[in-house]
Amino acid sequence: MVLDIIDVILTKYNYIIYISLMTLGFYGMIGKSNLIKKLIGMSVFQYAIFLFYISIADVEGGIAPILVEGEVTYTNPLPHVLILTAIVVAVSTLAVGLSLVIRIYREFGSVDENKILMRLKDD
Amino acid sequence: MIEELSNHLPILLIVSGLIGAFLTPLIGLIRKELCSFWASFITLIQFFISIILFYQAIQVGRISYWLGGWEPPWGIEYAIDILNSFILVVVSTICLSVAIYGRKSLLKEVPEKEVQLYTLYILLCTGMLGIIITGDVFNLYVFLEISSLAAYALVAVGDRNSLVASFNYMIMGTVSACFILLGIGYLYLMTGTLNMADLSRLLPPLYGRPAILIGLALLIVGLSIKTALFPLHTWLPDAYTHSPSAISALLSGTFTKVGIYVLIRLIYSIFGLEYFLRNVDIFVFISWVASAGIIFGAIMAIAQDDFKRMLAYSSISQIGYIALGISLANNFALAGSLLHIFGHSLMKTGLFMVAGALIYSKGIKRVSQLEGMGNVMPLTMAAFLIGALSMIGIPPTIGFASKYLILLGAVESGEWVFVVVILFSSLLTAVYFWKVFEKVFFGENKWKKGGKEIPLSMLLPTMALAILSLLGGFFAPVLIKVFELWMSGVIPGGV
Amino acid sequence: MKETRRGIILRTNAKFMVPFILLWGLYVLTHGTSGPGGGFQAGVVLAAGFILYAVVFGLQETQKIFPFRAVLVIASLGVSIYAWIGVFAIIFGGNFLEYGKIPLAHDIAESSKLGIEMVEIGIGLTVMAIMLSIFYTFVQRGD
């Protein structure tokens with residue numbers, strides 16, 4: 001039983017890492033009231049998934065997918081390309097989020113969710 | 001040349017939008033006023049292309065376009081069948097009518113920002129059309145994010161509260177997009193392909209594997225957030241209430257429908273009904289959740305005084321109908337759902353346009369201020385009346401046809417609880433619209449008689465959508481015939 | 001951003017580094033077809049060069065070289081290059097983005113490579129412009 005668990009941890013550690021990172025990011029999004037911290041949580045959440053993609057692309061003994069002479073194994077380049085696109089999306093999302101936070105700060109004078117909600121109620 | 005071009009229509013639909021969106025800043029440098037005409041022009045092109053594609057799809061059955069000439073499953077494929085060409089027509093109709101409507105409405109509600117607004121507007125429309133047309137799941141994710149990012153920014157240009165609404169929408173939307181990305185990752189991990197047609201071929205032998213189940217669960221949760229299916233709807237009311245009216249009209253009519261489309265595609269095309277009937281019965285769960293959403297949305301709508309907020313909650317209720325129809329999984333219900341996607345787009349966009357018209361001409365946002373508007377803006381209010389009657393489901397409107405079909409589907413499945421839910425919620429819908437009717441048509445007239453109607457460029461799309469939703473009921477049998485062509489392939493046992 | 005006098009070491013270093021960063025960006029941009037690199041990375045590297053310049057010499061100095069309008073135009077231009085390359089492929093009888101059909105060189109492989117490189121240039125320009133515009137928007141005070 002214990003050996004099984006150790007076996008899972010040793011062979012599937014990439015899943016464990018990505019899921020713990022995702023949970024961490026999720027906590028940041030839900031548990032923190034500071035909007036910037038929420039955005040940081042969101043980024044961690046996104047990057048955890050990128051990590052998952054990159055880790056499933058690995059092929060045992062594979063090298064970086066650049067053409068070289070001779071018979072070699074390459075890692076799967078497709079997830080890398082997909083994640084390149086997803087990173088661009090993540091950056092854009094972060095930019096939109098930060099610009100929203102800047103405008104929220106100018107409008108409400110705070111980046112704390114509770115204070116903003118209180119000001120909204122006052123209206 | 002024309003012959004040649006007609007083979008490239010799927011990509012021209014998207015490229016015209018991309019070129020259009022990124023030329024908007026340059027046009028804005030010349031003259032700002034031109035931007036809105038430009039947006040109408042681009043959406044008009046997309047509308048025509050969609051119509052032609054729909055026609056072609058009915059003729060041929062399935063059109064496949066290979067990007068860069070790479071053969072699927074290696075390359076990205078744009079696959080068009082009857083289902084998605086129909087949704088293309090629905091979405092592009094709404095995009096076009098809102099673009100025409102928005103010229104005056106957006107200018108009044110958000111002055112001095114045409115350039116950015118219309119760039120994002122065209123991007124949002126193109127992104128949605130891209131989601132519908134693509135046959136590649138990762139491409140779908142990218143288009144989903146393009147349109148979502150545009151939608152966050154467009155929601156944020158509304159009033160003061162819209163910033164917070166947009167922020168919440170963004171957080172929810174990103175979580176949903178991440179779930180979708182992760183779900184796609186699991187499917188890719190198991191099958192090694194991203195092409196939808198290829199997935200549907202490779203998935204059946206893997207039906208029993210837990211990783212497939214995880215992927216499906218992530219995809220369904222992610223899409224449910226995007227479509228604002230009941231318990232995951234929390235971003236919707238705020239986003240629709242505080243964004244500019246034209247944007248609420250566009251989002252309510254199209255964005256949630258696109259999510260529903262992807263859900264239908266996922267359940268019926270990619271996974272196949274077989275999987276759900278044999279391995280995991282999520283339909284029971286979805287149908288109960290959808291029924292809860294139908295009732296919840298309707299009751300919340302009754303409680304609202306803000307006109308747009310009422311319509312937003314009504315949207316949640318109506319999305320419940322569509323999801324219920326999908327999860328009943330028989331011919332009647334699915335046809336009803338598809339028809340309701342069409343009908344609800346027309347009605348809800350029309351109703352939001354009426355809400356925008358009230359803000360435009362009198363600055364009215366609340367139902368309680370609507371007294372006697374029937375005399376002041378008779379044509380706009382007539383459009384409202386038709387939209388609301390269709391929403392309640394009074395024959396011969398399209399709302400009646402679609403609800404009737406879903407009802408028949410529930411009877412066919414022997415699910416009498418849902419029959420009761422549908423009938424009861426129609427009653428609730430009548431209650432919240434009656435609240436408005438009472439004020440509009442029977443309220444004391446405080447306004448001077450013969451007041452000003454809204455400008456023609458706003459009135460025309462509003463009336464057009466209202467008339468379409470009235471006539472839609474008559475066209476329903478024709479549309480159902482078309483759906484049957486598609487459904488006979490996905491529902492085992494034939495029509 | 002306030003126009004403060006930065007230290008002489010910082011300024012000299014920045015003056016020395018910016019051209020190399022830009023050159024490196026151009027290298028990455030044009031070698032995306034035959035090695036690691038490409039439009040996205042190159043765009044970010046190029047933008048980083050300008051951002052370093054802005055951090056050291058101030059926003060106004062940078063906007064003299066690279067005004068906000070130019071950034072918008074370049075961003076639009078980059079995407080247009082991408083889209084038009086695709087449309088050219090259609091005109092020459094291929095599918096969208098089928099570079100091989102564009103008669104840029106003698107054989108298909110060569111013209112594919114050239115086509116991809118042009119698309120990469122478009123992407124690079126857009127990414128650079130968008131990165132800069134994000135930076136400008138965040139750094140500017142008020143509207």
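Select chain A and colour it by burial. Buried residues make up 24% of its 123 residues. A residue is buried if 20 or more other C-beta atoms lie within 10 Å of its own, exposed if 12 or fewer, and partly exposed in between, with C-beta atoms placed from the backbone. This is a predicted model, in which local features need pLDDT of at least 70 and side-chain atom pairs count only at pLDDT 80 or more, while totals for chains, interfaces and linings use all residues. Residues are numbered from 1 along each chain as its sequence is written, and chains are lettered from A and ligands numbered from 1 in the order in which they are written.

**Chain A**

Switch to cartoon. Chain A has 5 helices and 0 strands. Its pattern along the sequence reads α-α-α-α-α. Helices (H or I, at least four residues) and strands (E, at least two) are DSSP runs, numbered from the N terminus.

Look at contacts next. Two residues are in contact if their C-beta atoms, placed from the backbone, lie within 7 Å. Of the contacts in chain A with a separation of 6 or more, 43% are between residues 24 or more positions apart.

Ala, Val, Leu, Ile, Met, Phe, Trp, Tyr, Cys and Pro count as nonpolar, Asp, Glu, Lys and Arg as charged, and the others, Gly among them, as polar.

**Chain B as a whole**

Chain B has 20 helices and 2 strands. Its C-alpha trace spans about 70 × 60 × 40 Å along the principal axes. A compact globule of 495 residues would have a radius of gyration near 23 Å, and the 21 Å of chain B agrees. Buried residues make up 64% of the 495 residues in chain B. Among contacts in chain B between residues at least 6 apart in sequence, 80% join residues at least 24 apart.

**Two helices in chain B**

Select residues 378-392 and 416-442 of chain B. These are helix 17 and helix 19, packed at an angle of about 165 degrees with their axes 9 Å apart. Axes are lines fitted to C-alpha atoms, for helices over the stretch in contact, and angles run from 0 to 180 degrees between N-to-C directions. Helix 17 and helix 19 of chain B are therefore roughly antiparallel to each other. Angles under 35 degrees count as roughly parallel, over 145 as roughly antiparallel, 65 to 115 as roughly perpendicular and the rest as oblique.

Show side chains. Residues of helix 17, including Met381(B) and Ala388(B), meet residues of helix 19, including Ser426(B) and Phe433(B). This contact has 7 nonpolar, 2 polar and no charged residues.

**Backbone stops in chain B**

Zoom to Pro73(B). The peptide bond from Pro72(B) to Pro73(B) is cis, with omega near 5 degrees. Pro73(B) sits in the loop between strand 1 (63-66) and strand 2 (77-80) of chain B.

Move to Pro396(B). The bond from Pro395(B) to Pro396(B) is cis, with omega near 5 degrees. Pro396(B) is in the loop between helix 17 and helix 18 (398-413) of chain B.

Next, pick Ala228(B). Its phi is positive, about 60 degrees, although Ala228(B) is not a glycine. Ala228(B) lies in the loop between helix 9 (210-227) and helix 10 (235-242) of chain B. Ala228(B) is buried, with 28 other C-beta atoms within 10 Å.

**Last stop: chain C**

Show chain C with chain B. Their contact takes 14 residues from chain C and 13 residues from chain B. The chain C side has 8 nonpolar, 5 polar and 1 charged residues.

Finish inside chain C. Helix 2 (residues 39-57) and helix 5 (residues 108-139) of chain C pack at an angle of about 40 degrees, with their axes 7 Å apart. Helix 2 and helix 5 of chain C are therefore oblique to each other.

Technical notes
The radius of gyration is taken over C-alpha atoms; the globule rule is 2.2 Å times the number of residues to the power 0.38.
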